[in-house]
Amino acid sequence: MAVAPRPLVGALSERPQTVHPGPVVDQRFFECAARIEHDLRTRFPEITVRMVRDPDGDWECEVRDGNDYWGSVGSWDDDDSVPSAEEVEEFTESLALNVADNLWPDELTDPWPLCSLHGDHPLQPCLVARRAVWQCWRDEKFGIRVGDLPPT
Ligand SMILES: [Zn+2]
């Protein structure tokens, strides 16, 4: 019995069988955005974070809270090369920093993400052991991987 060819739509979620750099690059960036989105949703349940192409064809990270457009941060020159795991972590850390510094609503002054160890200060995005983490600045042993913030 002949098996019908699988539709191409939705195939991105499967591991590609052939080497084609485009989707691999895309997948890595979707992962960066998904980690930021996961963490922001602990504070803003409606938020969406997506990697979109800017008019020059490079990637940027777009943040929306429901219908409220926060803005775009980060820029990645798409040269079709596959970024290393380390580059992905660096990019994730820079996105987290950019969102916190440049897109965060001015009227919200409560610390975020709150350090669960001390309870009185925000964690800072930084690279620790080549991984993007939300880091406590008072105890270097306390940090949470970006994308792993627990629900509050
Ligand atoms: Zn702390």
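Q: First off, what pLDDT does the protein chain average?
A: The protein chain averages 84, and 82% of the residues score at least 70. pLDDT is the predictor's confidence in each residue, from 0 to 100. This is a predicted model, so local features need pLDDT of at least 70 and side-chain atom pairs count only at pLDDT 80 or more, while totals for chains, interfaces and linings use all residues. Residues are numbered from 1 along each chain as its sequence is written.

Q: And where does pLDDT stay under 50?
A: Residues 8-13 are one such stretch, and the model has one contact for them beyond four places in sequence. Residues 15-21 are below 50 as well, with four contacts beyond near neighbours in sequence. A contact here means two residues whose C-beta atoms, placed from the backbone, lie within 7 Å.

Q: OK, new topic. How many helices and strands are in the protein chain?
A: Two helices and six strands. From the N terminus on, the order is α-β-β-β-α-β-β-β. Those are DSSP runs, numbered from the N terminus: helices are H or I with at least four residues, strands are E with at least two.

Q: What order do the strands have in the open sheet of three?
A: The order is β1-β2-β3, with antiparallel pairing. Strands count as paired if DSSP finds at least two bridges between them. β1 (47-53) and β3 (68-76) each have a single partner strand, so one side of each is left without a neighbour in the sheet. The twist averages 20° from one strand to the next; for angles, axes are lines fitted to C-alpha atoms, for helices over the stretch in contact, and values run from 0 to 180 degrees between N-to-C directions.

Q: How many bridges join β1 to β2?
A: Seven, running antiparallel. Arg50 has Glu62 in β2 as its bridge partner. The hairpin of β1 and β2 has five residues between the strands, and Gly57 takes a positive phi near 90° there.

Q: What about β2 and β3, how many bridges there?
A: Six, with β2 covering residues 59-65. Val63 sits opposite Gly71 in β3.

Q: Which strands does helix α2 lie across?
A: Helix α2 (residues 85-103) lies across β2 and β3, at about 140° to β3.

Q: Last one: what share of the protein chain is buried?
A: Buried residues make up 24% of the 152. Buried means 20 or more other C-beta atoms within 10 Å of the residue's own, with C-beta atoms placed from the backbone; exposed is 12 or fewer, and partly exposed is in between.
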